Amino acid sequence: MFVIEPVGKKWPYGMNRAPLGTPFIYLPQWSGPQLAPAVQDENGDFDYLTPDMPGFEAAHAFGCVRFTLDVWENYLGQPLEWHFGERFEKLEISILPHWDNAQYGYGFLEIGSQFEPDGRVLPFTLDFDVIAHEVGHAIIYSVLGVPRADAEFPEYEGFQEAFSDCVSLIAAMHFPSVIDQVLEETRGNLYLSNRIARFSEFPGQRQIRTANNTRTMDEFADGFKNEHDLSEPLTGAIFDILADIFHESLLERGLISPEVEELAEMVEFGGAESAELQDAFDRAYADDSGGFVEALVDARDVVGVYLTETLFGLDPDFLDYGDVAETMLAVDGRETGGRFAGIIGRNFERRGIGILHAGPRFEAKRRDRLPSRRTVQPRDRLRLPRMSYRESYMLLRNP
Ligand SMILES: [Zn+2]
C-alpha cells in the first residue's frame with residue numbers, strides 16, 4: 001500500500017454523477033499531480049515528522065492502517081489479501097481534504113475531513129478510529145466477501161459497520177496508553193461512557209456512535225434508515241460481551257468479589273444504582289491496577305479471536321445477526337468447551353438478536369438502483385447507462 005495526496009482531485013472514488021446526472025464509476029489509480037510524498041529518514045523511520053511538516057498526515061494515515069493490519073493479521077493468522085488483488089497490486093490510501101467522509105473500496109482507502117460548524121477543518125488522517133474502521137471493511141471484503149445480489153439480507157450491511165467498529169475498538173486497545181486511560185477513567189467499570197465505547201473523537205461525524213448503547217432489534221423489525229443505526233444492536237452486544245468477559249476475568253483473578261460482578265450486571269440494564277458500583281470498582285482498582293490491565297488485555301484478545309473465527313465461519317449469503325450469534329457460540333464451544341456461552345448467548349438475546357430480523361431499508365426516494373460507492377467494481381461499468389458525448393465533454397472540461 002502507499003499514500004498519496006492528490007492535487008486537483010475533484011471527487012471521491014466510487015460511484016459519482018456527471019454534470020447531467022449520469023452515473024459513472026471512478027476508480028484508482030490517481031494519475032494526476034500530487035504533493036511530494038513523505039520520505040523516511042536514514043533509519044527508515046517517519047517519526048522525525050512533526051504535525052506542522054508536509055507529509056505528517058500522510059505518514060500518520062499510513063501508520064494507522066499499518067497498525068490496524070498488524071493487530072488483525074495477528075488474529076487472522078495470515079497476511080490480508082486485498083479483495084481487489086486481481087486488478088491492483090497495492091492499496092491506494094488517498095487523502096481528499098475537501099471531502100467530508102472516509103471510505104474503503106475497490107483499490108482505495110480514501111480519507112477526507114470533518115467540517116466543524118465553527119469553520120475548523122479536522123482531517124480524518126489524524127483520526128485513528130475512523131481509519132481503523134475503514135480497514136475493518138477491508139478485512140470483511142477479503143475474508144467474508146459480499147453476498148450474491150439476490151442473497152443479501154439487510155443485516156449484512158449492518159454487520160459490515162458493526163464488525164468494522166469492533167476492528168477499530170480492538171485495534172485501539174492495543175495502545176497501552178488507551179488501556180491505561182480507559183482504566184484510569186473507569187477503574188474497570190466499562191459501562192461508563194469512555195474512550196473505547198465511543199468511536200471517533202470528532203463530534204457530529206456520522207461514524208460516531210457508542211458501542212455502549214442499549215438499542216435492540218425491536219427498533220429495526222419494520223425496517224431501517226441507514227446501516228450505521230442498524231449496526232448498533234450488534235456492536236452493543238459485542239461490547240457487552242467484552243465487558244462481561246473482562247468482569248469474569250476480574251472475578252477469576254480475585255480482583256472483584258462475586259457481589260460486585262452481580263451488581264455490575266444489574267447496573268448494566270438499569271436495575272441498580274451505579275454510584276455504589278463505582279465505589280467498589282474504585283477500591284478494587286486501587287488495590288491491583290496491574291491485574292486490571294492483564295484482565296482487560298485478555299478479554300480484548302478473547303473477543304478479537306472470537307470475532308476473527310466468527311468471520312471465517314460466516315457465509316455472506318443470507319447473513320443475519322442470528323448467524324453471527326450462532327457462529328460465535330460455536331467458536332466458543334470449539335475454543336473453550338463453551339466457557340463464555342452464557343455471556344455470549346445472554347448478550348445477543350437481550351438485543352433481540354437471533355429472535356428478530358431487520359426489515360428492509362426505508363428508501364428516501366426511489367432512484368435507479370446503483371451499486372454503492374464502496375462495493376463498486378470495474379465490471380459494474382457494464383450496468384451503467386452510456387454517457388452522451390456532450391456530458392462526457394462537460395465532465396472532462398468542468399467537473
Ligand atoms: Zn463503515
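Colleague: Let's start with glutamate 161: buried or exposed?
Modeller: Buried, since its relative accessibility is 1%. Keep in mind that this is a predicted model.

Colleague: OK. And which protein donors does the zinc ion have?
Modeller: Glu161 is one of them, through OE. His133 and His137 are the others, each using NE2, and the donors lie 2.0 to 2.1 Å from the zinc ion.

Colleague: What spacing do the donors follow along the chain?
Modeller: The pattern reads H-x3-H-x23-E. Histidine 133 sits in helix α2 (residues 128-143) and glutamate 161 in helix α3 (residues 154-172), so this pair ties together parts of the chain that are 28 residues apart in sequence.

Colleague: Switching to charges. How many salt bridges does the count come to?
Modeller: The count is 20. One of them joins glutamate 110 and lysine 9, with N to O at 2.5 Å.

Colleague: Where are glutamate 110 and lysine 9 in the chain?
Modeller: Glutamate 110 is in strand β6 (residues 108-111), while lysine 9 is in the loop between β1 (2-4) and β2 (14-17). They are 101 residues apart, so to speak a link between distant parts of the chain.

Colleague: Is glutamate 110 buried or exposed?
Modeller: Buried, with 0% relative accessibility. Lysine 9 also counts as buried, at 5%.

Colleague: What about arginine 66, which residue does it form a salt bridge with?
Modeller: With aspartate 70, where the closest N and O atoms are 2.9 Å apart. Arginine 66 is partly exposed at 29% relative accessibility, and aspartate 70 is partly exposed at 45%.

Colleague: Which side chain does arginine 120 meet in a salt bridge?
Modeller: That of aspartate 118, at 3.2 Å from N to O. Arginine 120 is partly exposed, having a relative accessible area of 45%, whereas aspartate 118 counts as exposed at 55%.

Colleague: Which residues are linked in a network of salt bridges?
Modeller: Arg215, Glu219, Asp229 and Glu232 make up such a network.

Colleague: Now glutamate 5. What is the nearest side chain of opposite charge?
Modeller: Lysine 9, but it is 13 Å away. Glutamate 5 is buried and has no salt bridge. You'll find glutamate 5 in the loop between β1 and β2.

Colleague: So what is glutamate 5 in contact with, leaving aside neighbours within four places in sequence?
Modeller: Gln34, Leu35, Gly55, Ala58 and Ile95.

Colleague: Last topic, the strands. How many bridges join β2 to strand β3?
Modeller: Four, with β2 and β3 (residues 23-26) running antiparallel. Asparagine 16, for one, has phenylalanine 24 in β3 as its bridge partner.

Colleague: And how many residues lie between β2 and β3 in the hairpin?
Modeller: Five. Glycine 21 is in the turn and has a positive phi of about 100°.

How values were computed
Residues are numbered from 1 along each chain as its sequence is written. This is a predicted model: local features need pLDDT of at least 70, side-chain atom pairs count only at pLDDT 80 or more; totals for chains, interfaces and linings use all residues. Side-chain values use heavy atoms; hydrogens and water are left out. Donors are N, O and S atoms within 2.8 Å of the metal (3.2 Å for Na, K and Ca); water is not among the atoms, so sites may look incomplete. Helices (H or I, at least four residues) and strands (E, at least two) are DSSP runs, numbered from the N terminus. Buried means under 20% relative accessible area, exposed over 50%, partly exposed in between (1.4 Å probe, protein chains only). A salt bridge is a side-chain nitrogen of Lys or Arg within 4 Å of a carboxyl oxygen of Asp or Glu. Lys and Arg count as positive and Asp and Glu as negative; His and the chain ends are not counted. Contact means heavy atoms within 4.5 Å. Two strands pair if DSSP finds at least two bridges between them.
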